[in-house]
Amino acid sequence: MNGEKGLVFDIKRDCSEDGPGIRTTVFLKGCPLSCVWCQNPEGRAVKPETDIHGTHIGTWYTVDELMYRLLQDKPIFTTSGGGVTLSGGEATLQMGFASNLLQALKREGIHTAIETSGFFDYGRFKNEMLPWLDLIYYDIKLMDEAASQQYCGHSSKRMLDNFSRLLKDARIPVIPRIPLIPGITATEDNLRAIAAFLDQQGIKSCALMPYNPLWSDKLKQLGLPVLYEHKGFMTPAEQKTCIGYFTKSN
Ligand code: SF4
């Protein structure tokens, strides 16, 4: 992964939830974390793979090849105020390629966003990606370092430190997103600790992402063990309880 080619496992067009306007989201393959609830387990391995049905996952693209695909949607970006969002996996794992892609998008005047776990080399991110980004969605999962190690495979320290540093350096919106995973992240202790952390940083709003159970079949198709199971979506009452932990009076 030297920046010449990037490994992509999905390209989704007409997305309306990954930033402003109508967007195309590019899912880069490979992630250094191993969250037990990962919604995109097919994006975790840093190499192409094949699922149990023989479906190939992961295609190498040059920046020019990917731009050819993405530019087909430029009229939609222009009329809707949309653009391109990099997701994953963890897009920063392919830093060189992602940087080259962002620069090509900005040369075309296209709005750029990223969804990240924040598990990256901060200096490289600041120099190679931040200058060509317009918007950052930053996941905050677990405050407790040991819990993060247990459920995501790495301590939360680097991700939280990077978030604080980014707030000081970024001149663009950095929007925290908290995945609500029943019994793991969606606990009173964790959500109150996240709320206090964001408050310390001067952040007044964040996005809560309610649990979606439709991912576990993907693990089975990849032949991977299911380490976490929670059947069903969160109820409106459960979601309301979680929101309450972010309200100072509760
Ligand atoms: S950071 Fe995201 S892509 Fe990586 S393992 Fe966790 S949920 Fe999956």
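A: First a term: on a 1 Å grid over the protein atoms alone, a cavity is a set of points where a 1.4 Å probe fits but cannot get out, and its lining residues have an atom within 4 Å of a point. Grid points are joined across faces, edges and corners, and a volume is the space filled by probe spheres set on the points. This is a predicted model, in which local features need pLDDT of at least 70 and side-chain atom pairs count only at pLDDT 80 or more, while totals for chains, interfaces and linings use all residues. Residues are numbered from 1 along each chain as its sequence is written, and side-chain values use heavy atoms, with hydrogens and water left out.

Q: Which residues line the largest cavity?
A: Its lining consists of Ser117, Tyr138, Asp139, Ile140, Lys141, Leu142, Ser156, Met159 and Leu160. Strand S8 and helix H6 each supply at least two residues of that lining, where helices (H or I, at least four residues) and strands (E, at least two) are DSSP runs numbered from the N terminus.

Q: And the second largest cavity, what lines that?
A: That cavity, with a volume of about 50 Å³, is lined by Ile11, Arg13, Thr24, Arg69, Leu70, Gln72 and Asp73. Strand S1 and helix H1 each supply at least two residues here.

Q: Switching to the sheet, what is the strand order?
A: The sheet is open, with eight strands in the order S5-S1-S2-S6-S7-S8-S9-S10 and mixed pairing; two strands pair if DSSP finds at least two bridges between them. The edge strands, which pair on one side only, are S5 (59-62) and S10 (207-210).

Q: How many bridges join S9 to S10?
A: Four bridges join S10 to strand S9 (residues 174-180), and the two run parallel; Ile178, for instance, has Leu208 as its bridge partner in S10.

Q: Which strands do H1 and H6 touch?
A: Taking contact as heavy atoms within 4.5 Å, helix H1 (residues 63-71) packs on the sheet and touches S1 (5-15), S2 (23-28), S5 and S6 (83-87), its direction making about 95° with that of S5. Helix H6 (residues 157-169) also packs on the sheet, touching S8 (135-139) and S9, and its direction makes about 155° with that of S8. For these angles, axes are lines fitted to C-alpha atoms, for helices over the stretch in contact, and angles run from 0 to 180 degrees between N-to-C directions.

Note on methods: 1 Å grid on protein atoms, 1.4 Å probe; cavity = no way out; pocket = protein on both sides within 12 Å on 5 of 7 lines; lining within 4 Å.
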